[in-house]
Amino acid sequence: MTAVKFDEGRLATLLVAPIISEKATRVADKHNQVLFKVLRSAAKPEIKAAVELMFKVEVQSVQTVVQKGKVKRFGGRIGRRDHVKKAYVCLKPGQELNFSGEAA
């Protein structure tokens, strides 16, 4: 398998934010996965490379979901939230990511 080179500038902007919620915590404990909000144009190999580059961990697999934006009312006007792409990043056994800011 050949290593594909990605633009490091793009990889740095690919991961928008980690998703920290009850569901994300449950998934992390049960399946050793971490959730990220990513750019909608992000591909799975790019997400894998970005997580490995930013957090120095080994990624086993990546699954993505596009969550459709809700239709909301703002006063009398009807608007829509943006669609969001989420990445479920499965880490290899023994690997761990910690967002709490504590030194391990």
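Ser61 stands opposite Cys90 in strand 6. This is a predicted model, so local features need pLDDT of at least 70, side-chain atom pairs count only at pLDDT 80 or more, and totals for chains, interfaces and linings use all residues. Residues are numbered from 1 along each chain as its sequence is written, and side-chain values use heavy atoms, leaving out hydrogens and water.

- Strand 3 and strand 6 (residues 84–91) pair in the antiparallel sense over eight bridges. Two strands pair if DSSP finds at least two bridges between them. Strands (E, at least two residues) and helices (H or I, at least four) are DSSP runs, numbered from the N terminus.
- The open sheet has four strands in the order 1-2-6-3, with antiparallel pairing.
- Strand 1 (15–18) and strand 3 (59–67) stand at the edges; each has a single partner strand, so one side of each lacks a neighbour in the sheet.
- Neighbouring strands of this sheet are turned by 30 degrees against each other on average, direction ignored. Axes are lines fitted to C-alpha atoms, for helices over the stretch in contact, and angles run from 0 to 180 degrees between N-to-C directions.

**Helices across the sheet**
- Helix 2 (residues 22–31) lies across strand 2 (33–38) and strand 6, at about 140 degrees to strand 2.
- Helix 3 (residues 44–55) lies across strand 1, strand 2, strand 3 and strand 6, at about 120 degrees to strand 3.
- Helix 3 has 12 residues and reaches 16 Å from its first C-alpha to its last, close to the 16 Å expected at 1.5 Å a residue. The expected span is 1.5 Å times one less than the number of residues.
- Glu46, Ile47, Ala49, Ala50 and Val51 are buried in helix 3. Buried means under 20% relative accessible area, exposed over 50%, partly exposed in between (1.4 Å probe, protein chains only).
- These buried residues pack against helix 1 (8–14), strand 1, strand 2, strand 3 and strand 6.
- Lys56 follows helix 3, with a positive phi near 55 degrees.

**Leu91**
- Leu91 lies in strand 6. Leu91 counts as buried, at 2% relative accessibility.
- Leaving aside neighbours within four places in sequence, Leu91 is in contact (heavy atoms within 4.5 Å) with residues including Asn32, Val34, Val57 and Leu97.
- Leu91 and Gln33 are 58 residues apart in sequence and 6.0 Å apart in space, C-alpha to C-alpha.

**The hairpin**
- Strand 4 (residues 71–74) and strand 5 (residues 77–80) pair in the antiparallel sense over four bridges.
- Phe74 has Arg77 of strand 5 as its bridge partner.
- Two residues lie between the strands of this hairpin, where Gly75 takes a positive phi near 70 degrees.
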